[in-house]
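Thank you all for coming; I would like to take a few minutes to walk through one structure with you. Please have the sequence and the coordinates open while I talk.

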Amino acid sequence: MDLLGWVLAAVAAFSIGLAKGGLSMVGTISVPLMALVISPVQAAGILLPVYVVSDIGGLIAFRRDFDARVLATVVPGAITGIGLGWATAHLVDDARVGLIVGVIGMAFALNALRRGARGAARAPDRLRGGFWGMVSGYTSFVSHSGAAPYQVYAQPLHMPPLTYAGTTTIFFAICNAVKLIPYAMLGQLSLHNLAISAGLMLPGILGVLAGLWLVKRMSPQVFYGFITWALMIVSAKLIWDGL
């Protein structure tokens with residue numbers, strides 16, 4: 001990659017770290033940023049190890065802040081979605097998948113703003129969690145864009161910010177660990193890609209620290225407002241790319 005490519009890659013890695021530090025939607029911009037200079041498929045392969053290393057920092061930070069009931073409702077569906085993505089990898093149209101995710105995320109964000117980001121809290125639900133977990137796992141496999149479908153399910157549960165951040169971090173840590181196997185079998189973890197990934201570890205770790213600092217100082221109102229607006233911006237980008 002040229003200098004511009006490395007700058008965009010470093011920003012993408014830092015955004016991944018922010019996501020693992022608790023600002024979950026920020027990481028969704030990582031692949032679109034790198035796709036400005038390389039193919040989305042190569043970008044996804046390069047960034048997966050950065051996700052995994054950043055996950056470790058997030059897991060250490062949030063080891064006591066998570067909701068096991070929520071994880072139990074979404075993880076089985078997510079693993080199914082990753083398997084579906086692997087099985088249909090040769091048929092995937094990244095832009096069309098992104099368009100669908102963008103429309104879903106935009107509709108949810110607009111509805112959240114209309115009724116107020118807090119609204120009435122829901123309880124974890126295996127049927128709803130299984131469906132959105134599967135969608136999240138599938139889109140996460142395709143382009144690391146599983147945060148929007150996950151948020152459609154998780155945000156209405158109204159977990160405290162730290163619990164939300166920890167549950168989200170653990171969920172995607174599991175997803176990313178599972179994705180290593182199919183990514184390797186599809187040739188996306190080549191030595192060339194891994195060498196670039198190694199150069200992006202430091203901005204990823206710095207992003208985790210910055211995310212932790214920010215999320216611990218946000219009120220629930222600011223936190224949920226931030227992720228709602230972030231979802232809207234990311235969804236708009238996905239819709240634009242898909243069209």
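Predicted model: local features only at pLDDT ≥ 70, side-chain atom pairs only at ≥ 80, totals over all residues.

At its start, a side-chain oxygen of Asp 2 comes to within 3.3 Å of the backbone nitrogen of Leu 4, while after the helix we find Gly 22, which has a positive phi near 130°.

Which residues of H1 are buried? They are Gly 5, Leu 8, Ala 9, Ala 12, Ala 13, Ser 15, Ile 16, Gly 17, Leu 18, Ala 19 and Lys 20. As for what covers these buried residues, the covering elements include helix H2 (30-34), helix H3 (40-61), helix H8 (161-185) and helix H10 (201-215).

One of the buried residues of H1 is Ser 15, and I would like to stay with Ser 15 for a moment. Its relative accessible area is 3%, and because buried means under 20% on that scale, Ser 15 counts as buried. If we leave aside residues up to four places away in sequence, Ser 15 touches Val 26, Gly 27, Ile 29 and Ser 30.

Now to the aromatic side chains, and here the question is how many aromatic pairs the model holds. The count comes to six aromatic pairs. In one of them, the rings of Phe 141 and Tyr 183 have their centres 5.4 Å apart and their planes at 85°, so this pair is edge-to-face. The pair links distant parts of the chain, since Phe 141 sits in helix H6 (residues 126-143) and Tyr 183 in helix H8, 42 residues apart. Both Phe 141 and Tyr 183 are buried.

The pair of Tyr 150 and Phe 172 is edge-to-face as well, because the planes of the two rings stand at 65°, with the ring centres 5.5 Å apart. Tyr 150 belongs to helix H7 (residues 147-154) and Phe 172 to helix H8, so the pair ties together parts that are 22 residues apart in sequence. Tyr 150 and Phe 172 are both buried, and together with Tyr 164 and Phe 171 they form one aromatic cluster.

How values were computed. Residues numbered from 1 in each chain as written. Heavy atoms only, no water. Buried < 20%, exposed > 50% of the residue type's maximum accessible area, 1.4 Å probe, protein only. Helix = DSSP H or I, 4+ residues; strand = E, 2+ residues; numbered from the N terminus. Contact = heavy atoms within 4.5 Å. Polar contact = N/O pair within 3.5 Å; in protein donor to acceptor, adjacent residues only side chain to side chain. Phe/Tyr/Trp six-rings, centres within 6.5 Å; stacked < 30°, edge-to-face > 60°.
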